[in-house]
Every structure is written in C-alpha cells, then in structure tokens.
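Subject: Structure handover

Hello,

Here is the structure for you to look over. My notes follow below it.

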Amino acid sequence: MRIRANGLLLMPAAALVVHQARYSLAYGERANTELAAQGHSYLHSVVPWSILALGVGASVFVRRAARAARTGNSGGLTRLSAAALWAVTTSALVAIYAVQETLESLSVSGHPAGSDGVVGHGGWWALPVSAVVSLTVVALLRLGRAVLRLASRLADARPRVRHARVRVPDSVALVAPAPLALARAGRAPPR
C-alpha cells in the first residue's frame, strides 16, 4: 500500500505562517525587532525551503491531476472528515510551534526559556493562529480533492480514441546522390 502524504508539503509553510503571525499579533509593529532580539533571524533561511516544499507539492498535485484526467483514477483520497483533518492539522501546527520554541530556548541566546518561551510573551496567540491556518490547509486539501475528482470524471466522459498504428519499415537503404547533385563535381576540371 502506497501512502500519499502530499498534503504534508503544506506544513512547513503553514508552521512558518503560525510562527510569524504569532509574533505579529503579540508585538504589533515591534514584531521584527522582537524576532531579531529573541534570535529568530535564522527564519529568513527557512523561507526558500518552505517555498520549495510548496513547489514540489504543487508539481506532484499537477502530475496527479493529469494522471486522473488521463486514466479516470483519482488515486487514494483521505477518509478523514474535514473536522477531523482540521483537528489533526491544528494539533500538528501547535506541536510544531511548541517544539520549535523549545529548541530555540535551548539553543539561541536571548530567547525566553521553558514554558515562558512557548506561551509567554504572547505565545498563546499560536493556538488561535494555528486553528485559522489549519482551516486554510484543510480548504486547500479539499479543493485539491475536488479537482482530482473532477479530473477523473472528465476522463470518464471523454470518448476513447483508438490510435492508428503506423508501420515503420524495418530498415532504410541510403542511396548515394549523383556527384553533380551535391553542387560540386566528383573530379577536378580537365586541363
């Protein structure tokens, strides 16, 4: 059984949005100053990798939609309800935020330590932000599911065209052209 985890490619960008939105809501206009003071300057190097993950996910999705349109098979889709998927995604984003802040408190100077680093200084904003970002992730996944189902239905509605077989000769004999046909004579001019 092949597990399709293409939706996981949305998580790095979603986690980054949760982290940045939490600081923006907690500190307002001073968010960038606080991020720098608490040792979050490394996040600028994470942005391209999150965009890469989104690009890979989009590429995989487009290939899957094309395959569904060609074969009529949309592939395996999750059986989780939207509410269950939202709850799992919200929990995962909160867990990612908590682990990220804990690791930052252990490794970055200037970052608040312990639970103060996770929920202090406006860290509780991560909970509602995770819920809202999870709604966006679930909406994207449901939209993707609808596109795959539509593509598979279009493949079923399209008439099947039989392709004509083209016969190709087994071998080809090359004929040497006449010397004058090459725009040059085969010998030197007479004396």
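First, a definition: a residue is buried under 20% relative accessible area, exposed over 50%, and partly exposed in between (1.4 Å probe, protein chains only). This is a predicted model, so local features need pLDDT of at least 70 and side-chain atom pairs count only at pLDDT 80 or more, while totals for chains, interfaces and linings use all residues. Residues are numbered from 1 along each chain as its sequence is written, and side-chain values use heavy atoms, with hydrogens and water left out.

The overall picture

The chain has 6 helices and 0 strands. Helices (H or I, at least four residues) and strands (E, at least two) are DSSP runs, numbered from the N terminus. Of the 191 residues in the chain, 28% are buried. Contact means heavy atoms within 4.5 Å. Take the contacts between residues at least 6 apart in sequence: 80% of them join residues at least 24 apart.

Helix α1

Helix α1 covers residues 11-27, which is 17 residues. The expected span is 1.5 Å times one less than the number of residues. That gives 24 Å, and the end C-alpha atoms are 24 Å apart, so the two agree. Buried residues in α1 include Met11, Leu16, His19 and Tyr27. Just after α1, Gly28 takes a positive phi of about 65°.

Pro12 also lies in α1. Its relative accessibility is 37%, so Pro12 counts as partly exposed. Beyond its neighbours within four places in sequence, Pro12 contacts Ser50 and Ala53.

α1 against α3

Helix α3 spans residues 47-71. It packs with α1 at an angle of about 140°, with the axes 8 Å apart. Axes are lines fitted to C-alpha atoms, for helices over the stretch in contact, and angles run from 0 to 180 degrees between N-to-C directions. The pair is therefore oblique: angles under 35 degrees count as roughly parallel, over 145 as roughly antiparallel, 65 to 115 as roughly perpendicular and the rest as oblique. Pro12, Ala13 and Leu16 in α1 meet Val47, Ser50, Ala53 and Leu54 in α3.

Ser152

Ser152 sits in helix α6, residues 126-157. Its relative accessible area is 9%, so Ser152 is buried. A polar atom of its side chain lies 2.8 Å from the backbone oxygen of Arg149. Setting aside residues up to four places away in sequence, Ser152 touches Ala68, Gly72, Asn73 and Ser74.

Best wishes

Terms used: A polar contact is a pair of N or O atoms within 3.5 Å; within protein, one must be able to donate a hydrogen and the other to accept it, and residues adjacent in sequence count only if both atoms are side-chain atoms.
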